[in-house]
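Dear colleague,

Please find below the structure that I am handing over to you. My notes on what was found in it follow directly after.

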Amino acid sequence: MKTSAFANQIEGSKTLAVTARVGELRREGKPIIGLGAGEPDFPTPKAICDAAKNAIDAGYTKYTANAGIVELREKIANYLNKLGGNYTANEIVVSSGAKPAILNALFATCNPGDEVLLPAPYWTSYPEQVKMAGAKPIILQTTEATEFKITANQLKNAITAKTRVLIFNSPSNPTGAVYSTAEIDAIVAVVKKAGIYIISDEIYIELVYDNVQTRSLSSYREIAEQLLLVNGLSKAYSMTGWRVGYLAAKQPVIGAVNRIQSHYTSNACTISQYASVAAFDLSKEIMDAMKAEFTKRRDYVFNKFSSINGISVPKPQGAFYIFPNVSSFFGKSHNGVQINTAMELSTFLLETANSAVVPGEAFGAPENIRVSYATSMENLKSALDQIENALSRLR
Ligand SMILES: Cc1ncc(COP(=O)(O)O)c(C=O)c1O
């Protein structure tokens, strides 16, 4: 029996080999420190958990409208409007995480064979989701020299008659890069002129450090008809397991998204939706405390990696990842085993430094590794010391 051509074109997660090995090593009793996770280590704030308990007690345990409860969609519209947008609750569809929101966006905009522009390094699911929507990912390569950001010129030159969508992600997973307002202005001008769609994945927008001047794409009202804005509660509110994300767009796109979602997941978990309403009412101090802790850790990991011989890395300005270039270690060996790829280096770090990182191959950047600092300072210090030590043993 054969699986479908559709299934066969979808690659499994490249991080799985490392994840599986982490499990094996932990079962063997090895004290592996996980720097691979894409989720905050903080508990979900209590007010959010309490709202979920109250929702259960109040009997909010049935289906909701496919697009989500009005109370939540109003909070979301309000939030986006504070960022400069112009949305009503009817222009929001709540999904079971940002991941299905992005897939909804692609399903709603792409025809078979359409080209979707994807700046690399990219979040690992984008190319596979583009393929799932029947479209073709076209990679826009970036380097450390531009802090892993595309330029407006690069975008302009990549647009063809077949280009349908640009996927834009700032702050970026995996690089932590944040586009400045001026850089976004220039990109928006190209998008507007070309008349293509832009899916802006802003799931890390609450995690921007150093007062970098940036803007939500929702505030560029001149491209409102072309914009599919994606965000979610997972990262900003430490709610990865609750599965709440959303998409904001104008008609006819939002209507298409609503129809599409009504045939696969339907509404996001009802209890999580009520909890999410409380998230939007959370006090600023709670959010600021999380951000302050991430800033401290970002500074530590950046200073430490910058001081390691053979590593080059731009300073991340958002999210909770750092993306060092490790290619100077390729061709070196330890105990007779040569390291030639980021994948092999990640395995080496797992086995020699008890530290799990994600190889850059997963993000279209084979010279880098992604290190998440969404773990305690104690873990970071211990892992980075072990990584430094392990790298110094490569000859
Ligand atoms: C850039 C980016 N977009 C979307 C998601 C998906 O988030 P969610 O947990 O809401 O599905 C992630 C999660 O890792 C992410 O890093």
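**A covered helix**

In helix α10, the buried residues are Thr 270, Ser 272, Gln 273, Tyr 274, Ala 275, Ser 276, Val 277, Ala 278, Ala 279 and Phe 280. Here, buried means under 20% relative accessible area, exposed means over 50%, and partly exposed lies in between, with a 1.4 Å probe and protein chains only. Helices (H or I, at least four residues) and strands (E, at least two) are DSSP runs, numbered from the N terminus. Helix α10 covers residues 270–280 and is mostly covered, with 10 of its 11 residues buried. Its buried residues pack against α3 (46–57), α4 (70–82), β2 (92–95) and β8 (245–248); contact means heavy atoms within 4.5 Å.

Please bear in mind that this is a predicted model, in which local features need pLDDT of at least 70 and side-chain atom pairs count only at pLDDT 80 or more, while totals for chains, interfaces and linings use all residues. Residues are numbered from 1 along each chain as its sequence is written, and side-chain values use heavy atoms, with hydrogens and water left out.

**Two domains**

The protein is divided into domain 1 (5–43 + 285–392) and domain 2 (59–280). These bounds come from an automatic or database domain assignment. The C-alpha centres of the two domains lie 26 Å apart. How many residues of each domain are in contact with the other? In domain 1 there are 34 such residues, and in domain 2 there are 31.

**Helix pairs**

Two packed helices are described by the angle between their axes and the distance between the axes. The axes are lines fitted to C-alpha atoms, for helices over the stretch in contact, and the angles run from 0 to 180 degrees between N-to-C directions. Angles under 35 degrees count as roughly parallel, over 145 as roughly antiparallel, 65 to 115 as roughly perpendicular and the rest as oblique.

The pair of α5 (residues 98–109) and α6 (residues 125–132) has axes that come within 9 Å and cross at roughly 40°. Helices α5 and α6 are therefore oblique to each other. Their crossing is right-handed; a crossing is left-handed if the near helix is turned anticlockwise from the far one by less than a right angle, and right-handed if clockwise. On the α5 side, Lys 99, Ile 102, Leu 103, Leu 106 and Phe 107 take part, and they meet Ser 125, Tyr 126, Gln 129, Val 130 and Met 132 of α6. By class, this contact has 7 nonpolar, 2 polar and 1 charged residues. In this scheme Ala, Val, Leu, Ile, Met, Phe, Trp, Tyr, Cys and Pro count as nonpolar, Asp, Glu, Lys and Arg as charged, and the others, Gly among them, as polar.

Helix α5 also packs with helix α9 (residues 253–261), at an angle of about 115° and with the axes 9 Å apart. Helices α5 and α9 are therefore roughly perpendicular to each other, and their crossing is right-handed. The contact is made by Asn 104, Phe 107 and Ala 108 of α5 together with Val 253, Ala 256, Val 257, Ile 260 and Gln 261 of α9. It comprises 6 nonpolar, 2 polar and no charged residues.

Helices α11 (residues 284–307) and α13 (residues 377–392) pack at about 10°, with their axes 11 Å apart. That angle makes α11 roughly parallel to α13. From α11, the contact uses Lys 296, Arg 297, Tyr 300, Val 301, Lys 304 and Phe 305; from α13, it uses Met 377, Leu 380, Lys 381, Leu 384, Asp 385, Ile 387 and Glu 388. Here the classes are 7 nonpolar, no polar and 6 charged residues.

**Features in the loops**

A cis peptide bond joins Asn 173 and Pro 174, with omega about 25°. Pro 174 is placed in the loop between β5 (163–169) and α8 (181–194). Another cis peptide bond joins Gln 251 and Pro 252, with omega about 0°, and Pro 252 is in the loop between β8 and α9.

Phe 148, in the loop between β4 (136–141) and α7 (152–158), has a positive phi near 65° and is not a glycine. Is Phe 148 buried or exposed? Its relative accessible area is 9%, so Phe 148 is buried.

Asp 210 also has a positive phi, of about 65°, although it is not a glycine. This residue is found in the loop between β6 (197–201) and β7 (227–232) and is partly exposed, with a relative accessible area of 43%.

Yours sincerely
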